[in-house]
Each structure stands twice: as structure tokens, then as C-alpha cells.
Amino acid sequence: MKQSILSLLFSFIFSTVLFSQVATEVNPPGFIKTITFKSNTTQGQLPVLKLGEPLVLEFDALNGNEEDFYYVIEHFNFDWTPSPLVKAEYLKGLDNQRIMTYENSFNTYEIYSHYDLTIPNMQTRGLLKTGNYMISIYDDYDELMFSRKFMIYESLASVGASVKRSRDVKVIAEKQSVDLVISTSGMNLNNPLETIKTVIIQNNNLNTAISDLKPQYTLGNELIYRYDTESAFWGGNEYLFFENKDVRAANIGVQFIELKDIYHNYLFTNISRKNRPYTFNPDINGNFLVTVIDRPDVDVEADYVMVHFSLLHEELKDKDIHIYGNFNAFTIEPLTQMLYNSESKKYECLLELKQGFYNYKYVAVDKETGELDEGAISGNFWETENNYKVLVYYRDLGARYDRLIGFGETTSVNISN
């Protein structure tokens, strides 16, 4: 009897710990590429949707097998621990349904199938609650192919954000600080120090987001955040970019091309910018845009190209160098690792990417700790133009989930002291 009670207690504790695990995105296998949300933007970037807006997820499968894929949608708390809501509370209709819409590529060297999922649809008629969500894609064998996060908000609070130079004199030339003013004139908030949560995201990259800052001041219905260091981000540098919308000719950033089994694009060799002066160079903050010249349907007529990256840099013994950008949701993985060529004295890497306009940068990852340093190759500059998104969550006393009640966005293009 005693042993049974202990077993039940252990099972309860284990399930509680498991239930509270923080959700992380799963990157796809090599044959699935170009995962894009196109709901309110043409670029591949982090989807933050207003309640009622459609969600559009697209991706390509490069095996040409016309496989069946299924989607599952889950709701999460602001910190990405599982929400206690049951599916019927946040989902109208059913998920775990097959993605019905797909097309095969046309007139391309690389054969692929392009999948298109739009919500609401006949099976999944809509999402009912605001907050954090994860959409997971499974194959016929119930194996997880990949998962992506997205957010749904309602406009109950207005969010004002401004970007300043860091107030810490030690990093004043390298960091940017985000000040917030949240106005909740349409709501009566209970104990905002405990019930309000904030998340600040730089350049759509959830890996570097700053979360759960407490308001420092309250003036009427306004919550004010003016931190010295807690809301500061490394400034980074403008992203490098290339465009290969014409697969048969060298475009922006492409030195020369070569046709093998598919086209190969060799980019101009990049150099370290860490110790060079800052230069403004318009970018799209790490995102990408699929585009192709003289073809009307880029979804199935854009081809895949082997893109050759190279970086002139001495070999680092204690760090690995990776290619970094939203083309794979800012993920550090074996495919993005560059290898050092002792003959050419360059780091080199080869990625298969769909035709388009891509932002990227080089980052260093410590071999022992896994710590990522975005400025090791590109440098950090306070002048860099960055995009910032601010999410405001609210859980009233006794409520069961975190509502996303406000969304704001700003850039550092007019950064001041």
C-alpha cells in the first residue's frame, strides 16, 4: 500500500514537471525547407496576428513524394509553459487534420511540393483565445516534422516603445535600450506588478527576447518602463544580403553561378566587420523574401539553388562559426556550421535555399558552453537599425491563462540619447 502511494506521488510529480516544460521549436529535417508565415506580411518573419486575422503557413517538401502532413495547434502561457486550457476552449473546430492544399513545382531543376495551410478552414474554423500558440506538423507516421511559434493579440492596451542608447557607459557604443509606456485606459487592472507580463523581441528573434520586466512607475492608467540595463540589447550590425531572383545570372551579392544538377550561386567572400566603422546598409532585419523574375507563381516556379558562403577569417580554435538568419528561424544547427579551409584561409558553407532575397550574418558559438556571440564577427554598434516588437500579457487574479492584450512595434532608426 505504501509503495503504491509512493508510486502515485512520483507519477504526479513527474507529470507535473513534464507538463511545466518550456516549449521549444523543432526544426525540420533536411527535405523540408522555406517555412513561411504570410498572414500580414510577404516576408518570412515572426507571426504576431490580431484576433480574427487568418493564419497562413507555407512550406516545401523536396522529396517529390506528395506526402500527407497533419497539423496540431496548442496554446501556451506567456513563458511557453503549457496552458491549462483544453482544446475546445481555444480552438473552434478540429485540428490534427491533413493539409489539403499543395502543388508540385513547375519547370524547376529541384522537384518539390509546396504546401499551403490557411486557418480558418472547413475543419479548423478559428482560434478563440489570445496568447501564445505552437503549430506542429506531423507526417503519416505521426512523426513530428517541425513546429513554429506564433502569437495572437487583442488591442486592449496601447503600447508605446522608443529606442535609446544604453545608459550603461561601459557599453554605450554597443547596446540599445528599449523604453516602454503601456496605457490601459480601457481596462481596470488588478495589481499590474503581478498580473502584467511583457516580452521585447529584437528582429523577430525569440532566442534573444527579454521577458517579464516589471513596470517601474505607474501614472494613472500608464505603466512606465525605463530601465538602465535590464531592457538593453546588443546593437549588432546591419545584416548582409544577397538576391538570386534570376537563377541564370549573377545578382546582388552573387559573384558567379554554375549549373550542375541544380544551379550553384557563389557569393562574394565576406570579411569580419567587428573592428571596422559602422556603415548604414538597408536590410530587412534578418528576414527573407521568396522572389523570382519573369514567373508569376513564386510558390511553385521559384527554383532551389545551392548557395556557397565564404568568410575570410583566421581559424578560431575555441569557437564555431555559423550562418545566422530567419531562413531557419535563427537556429544554430549542423547545416549552418561553416568549415575552415586551410588552403583558402576561409570559412565555407553550402546551403540549399529557394530563390529570393535573403538577410544573413555570421555568428560565433563557443564549443564548450554553446554560448552564441552575434557580435564576434559582425560587431555591435549603437547606430544599427533594428526592429523591436513588444508583447503585453495579462492574467487577472484567478484567471487560467495569459491574455495577450497589447502589441507594439518600433525601430531604432531614430535612436536618441
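## Strands and spaces in a predicted model

Let's start with two neighbours: β30 and strand β31 (residues 403-411) pair in the antiparallel sense over eight bridges. Keep in mind that this is a predicted model, where local features need pLDDT of at least 70, side-chain atom pairs count only at pLDDT 80 or more, and totals for chains, interfaces and linings use all residues. Residues are numbered from 1 along each chain as its sequence is written, and side-chain values use heavy atoms, with hydrogens and water left out.

**Around β30**

- Strands here (E, at least two residues) and helices (H or I, at least four) are DSSP runs numbered from the N terminus, and two strands pair if DSSP finds at least two bridges between them.
- Look at Y393 and you'll find its bridge partner in β31, L404.
- β30 also has seven bridges to strand β14 (residues 196-202), again running antiparallel, and there Q202 has Y388 as its bridge partner in β30.
- Eight of the eight residues of β30 (residues 387-394) are buried, so the strand is largely enclosed by the rest of the structure; buried means under 20% relative accessible area, exposed over 50%, partly exposed in between (1.4 Å probe, protein chains only).
- Both faces are covered, with N387, K389, L391 and Y393 buried on one side and Y388, V390, V392 and Y394 buried on the other.

**An open sheet**

- Five strands make an open sheet in the order β2-β11-β10-β4-β6, with mixed pairing.
- β2 (48-50) and β6 (97-98) are the edge strands, each with a single partner, so one side of each has no neighbour in the sheet.
- β2 and strand β11 (residues 144-153) run parallel, joined by three bridges, and K50 sits opposite Y153 in β11.

**The cavity**

- On a 1 Å grid over the protein atoms alone, a cavity is a set of points where a 1.4 Å probe fits but cannot get out, a pocket is an open set with protein on both sides within 12 Å along at least five of seven lines, and lining residues have an atom within 4 Å of a point.
- Searching the whole structure turns up one cavity of 30 Å³ or more.
- The largest cavity has a volume of about 60 Å³, a volume being the space filled by probe spheres set on the points, which are joined across faces, edges and corners.
- Its lining includes T34, E58, H114 and K354.

**The second largest pocket**

- This pocket has a volume of about 400 Å³.
- Of the 27 residues that line the pocket, T208, W234, L372, D373 and E374 are the closest to its centre.
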